[in-house]
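This report is written for a reader who has the sequence and the model at hand. Please keep both in view while reading.

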Amino acid sequence: MDLRFTPEEAAFRQEVRDFIKSALPADIRDRMKLGHAPRKEDTVRWQRILNQKGWATYSWPKEHGGPGWSAIQRMIFLEENLMAPAPELLSFNITMLGPVLIQFGTDAQKSRFLPRLANLDDWFCQGFSEPGAGSDLASLKTAAKLDGDHYVVNGSKIWTSTAHNADWCFLLVRTDPNARKRQEGISFLLVDMKTPGITVRPIISIDGSHHLNEVFFDDVKVPVNMRVHQENKGWDVAKFLLGNERTGIARLGKSKERLRAAVDMAKQVNQNGRPLINDQTFRQRVAQLEVDIKALEITQYRVVSAYDKAKGAGKPDPLSSVLKVRGSELQQYTTELTVDVAGPMATPIWAQELAALNEPDDMLEAASAGTGSYLFLRAASIYGGTNEIQKNILTKAVLGL
Ligand SMILES: Cc1cc2nc3c(=O)[nH]c(=O)nc-3n(C[C@H](O)[C@H](O)[C@H](O)COP(=O)(O)OP(=O)(O)OC[C@H]3O[C@@H](n4cnc5c(N)ncnc54)[C@H](O)[C@@H]3O)c2cc1C
C-alpha cells in the first residue's frame with residue numbers, strides 16, 4: 001500500500017482545515033487551546049455549525065445526509081477537528097445511535113430522530129453498563145416488562161457519561177429473563193430522560209469534573225414504538241453499535257495537539273537555568289512520542305481503509321482493538337508529558353504560589369487543565385471496552401490463539 005496521501009486527499013485536508021479555522025468560534029478555540037474540555041454549549045454550537053455545512057453526519061451514508069466521504073477522508077476530518085482544537089461531535093448521536101437507526105430503525109424512528117441527532121437537538125447518552133455488567137455486558141439486569149403499549153423499566157445504570165446533559169438515553173434492558181442464552185433476552189430502547197421515575201445521580205471523577213452518573217429507573221414507562229429492532233434482539237443492535245464506537249477512538253488528533261502544546265510550554269519553562277526544550281532527554285521523549293503517533297497513524301489509515309474496502313461496516317473489525325489500545329496509551333503518555341513539563345504548576349497548591357510570582361496566567365491555566373486531562377484519561381484504557389478485553393479480542397481473532 002502507498003502510504004502517501006493523494007493530491008486529492010491533501011487538498012481535502014486543506015479544505016477541512018480552512019473551514020474549521022474560519023468557522024470555529026474564537027471563544028471555543030481559546031478554551032480548548034488551554035486544554036479545557038468543551039462545555040455542553042460549545043459542543044452543541046460547534047456541531048450545529050458542522051451540520052449546516054453537511055459534515056456533522058460525516059460517517060452516515062449519503063442517502064441519510066452523509067457527505068459521501070471515503071474512510072481516509074473521514075479520518076482526516078476527525079484529525080483536523082481535534083487538532084484545531086475543536087469540540088468532538090457527540091459520538092452518542094453521530095457514531096453510535098445514528099448508524100443504529102439507519103440500520104435497524106423504523107421509518108418513523110428515522111424521520112423523527114436522525115435530523116435531531118445531526119443537529120444535536122436531542123442529546124443522547126448511553127445506558128449500557130450496570131454495577132456487575134461492564135465487560136460482561138450480557139449479564140445486565142435492568143428489566144423491562146411489556147404492559148399493553150408500553151414497557152415498564154426498573155433497574156439502574158452506572159458510568160453513564162453526560163446523562164445530566166441528556167434529553168434521551170439509548171438503553172439496554174432485559175425483556176426475557178428466561179431466555180436460553182443471556183444475550184437472547186435483551187432489547188434496545190430509546191428513553192426520554194424527562195419520563196417520570198428517572199433519577200440521575202452524579203459521580204464526580206478524580207479530576208473533579210462531573211461527567212459520569214448513576215441513573216435509576218423506577219417504574220419508567222417507555223412506549224413500545226421506542227424499541228429499536230425486534231424484542232429480545234437488542235444484543236445484535238448493541239454489537240453493531242459497539243463496533244462503530246471504536247471508529248476514531250484512537251483520537252490521534254488530540255494526542256498530536258497535546259504534544260504540540262507540551263512542546264510550546266517546554267519552550268517557556270526553564271530547567272537548570274535553560275529552556276526545557278533544549279534538554280536532550282526531553283527531546284528524545286518528544287521524538288519517541290512523535291514516532292509512536294506516526295506509527296499508529298499509519299496503522300489507523302491501513303486498518304480503516306482496508307475495512308472500508310472490504311465493505312465490512314456493521315461488523316466490528318477486530319483490528320480496531322489495536323487502535324483502541326495504542327490510541328488510549330498515547331493519550332495517557334501525552335498527558336503525562338504535559339504534567340511533567342508543567343512541573344510544580346501542575347498542582348493547584350503550587351499554581352497559586354506561582355501566580356503570586358507572576359507566572360503567566362495562560363500557562364498556569366493550561367497546566368491545571370493538563371493535570372485534569374491526565375487524571376481523567378486514566379479511564380481511557382477502561383471506557384469503550386477495557387484494554388484487557390481488547391487484547392483478548394486480538395489474541396483470539398487476530399493471532400488465532
Ligand atoms: C470515564 C468512563 C466513561 C464511561 N461511559 C460510559 C457510558 O457512557 N455508558 C456506559 O454504558 N458505560 C460507560 N462506561 C463504563 C465502561 O464501559 C465500563 O467501565 C467498562 O466496560 C468496564 O466495565 P467495569 O467497569 O464493570 O469493569 P469490569 O468489567 O468489572 O472489569 C474490571 C477489570 O477486570 C478486567 N477484566 C474483566 N473481564 C476480563 C476478562 N475477560 N479478561 C481479562 N480482564 C478482564 C477489566 O479489563 C478491568 O481491568 C464508562 C466508563 C468510564 C471509566
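## Basis of the model

This is a predicted model, in which local features need pLDDT of at least 70 and side-chain atom pairs count only at pLDDT 80 or more, while totals for chains, interfaces and linings use all residues. Residues are numbered from 1 along each chain as its sequence is written.

## Domains

The domain assignment of the protein gives domain 1 (7-89), domain 2 (124-234) and domain 3 (246-398). Such bounds come from an automatic or database domain assignment. Between domain 1 and domain 3, the C-alpha centres lie 20 Å apart. Their contact takes 15 residues from domain 1 and 21 residues from domain 3; two residues are in contact if their C-beta atoms, placed from the backbone, lie within 7 Å.

On the side of domain 1 that touches domain 3, eight residues are nonpolar, five are polar and two are charged. In this classification, Ala, Val, Leu, Ile, Met, Phe, Trp, Tyr, Cys and Pro count as nonpolar, Asp, Glu, Lys and Arg as charged, and the others, Gly among them, as polar.

## The shell around the ligand

How many residues surround the ligand? There are 17, and the closest are Phe128, Gly134, Ser135, Thr386 and Glu388. A residue is near a molecule if its C-beta atom, placed from the backbone, lies within 6 Å of it.

Domain 2 and domain 3 each supply at least three residues of this shell. Helix α13 (residues 387-398) gives the most, with three residues. Helices (H or I, at least four residues) and strands (E, at least two) are DSSP runs, numbered from the N terminus. By class, the shell has seven nonpolar, nine polar and one charged residues.

## Helices α4 and α8

Helix α4 (residues 71-83) packs against helix α8 (residues 252-268) at an angle of about 30°, and their axes are 7 Å apart. The axes are lines fitted to C-alpha atoms, for helices over the stretch in contact, and angles run from 0 to 180 degrees between N-to-C directions. The crossing of α4 and α8 is right-handed; a crossing is right-handed if the near helix is turned clockwise from the far one by less than a right angle, and left-handed if anticlockwise.

From α4, the residues Leu78, Glu79, Glu80, Asn81, Leu82 and Met83 meet Leu252, Gly253, Lys254, Lys256 and Glu257 of α8. The contact of α4 with α8 has four nonpolar, two polar and five charged residues.

## Backbone features

Most residues other than glycine have a negative phi, and most peptide bonds are trans. A cis peptide bond joins Ala84 and Pro85, with omega about -10°. Pro85 lies in the loop between α4 and α5 (91-104).

Two residues other than glycine have a positive phi: Asn232, near 70°, and Arg251, near 45°. Asn232 lies in the loop between β8 (227-228) and α7 (234-245), whereas Arg251 lies in the loop between α7 and α8. Asn232 is partly exposed because 16 other C-beta atoms lie within 10 Å, and Arg251 is buried because it has 21. A residue is buried if 20 or more other C-beta atoms lie within 10 Å of its own, exposed if 12 or fewer, and partly exposed in between, with C-beta atoms placed from the backbone.

## Selected residues and their surroundings

Are Glu8 and Ala10 buried or exposed? Glu8 is exposed because it has 11 other C-beta atoms within 10 Å, and Ala10 counts as exposed with 12 C-beta neighbours inside 10 Å. Helix α1 (residues 7-23) holds Ala10, and Glu8 also lies in α1. From C-alpha to C-alpha, Gln73 is 9.9 Å from Glu8, at 65 residues in sequence, and 9.7 Å from Ala10, at 63 residues in sequence.

Tyr301 is found in helix α9 (residues 280-309) and is partly exposed, with 18 other C-beta atoms within 10 Å. Not counting residues up to four places away in sequence, Tyr301 touches Ile72 and Met75. Asp122 lies in the loop between α6 (107-118) and β1 (124-127), and its 19 C-beta neighbours inside 10 Å make Asp122 partly exposed.
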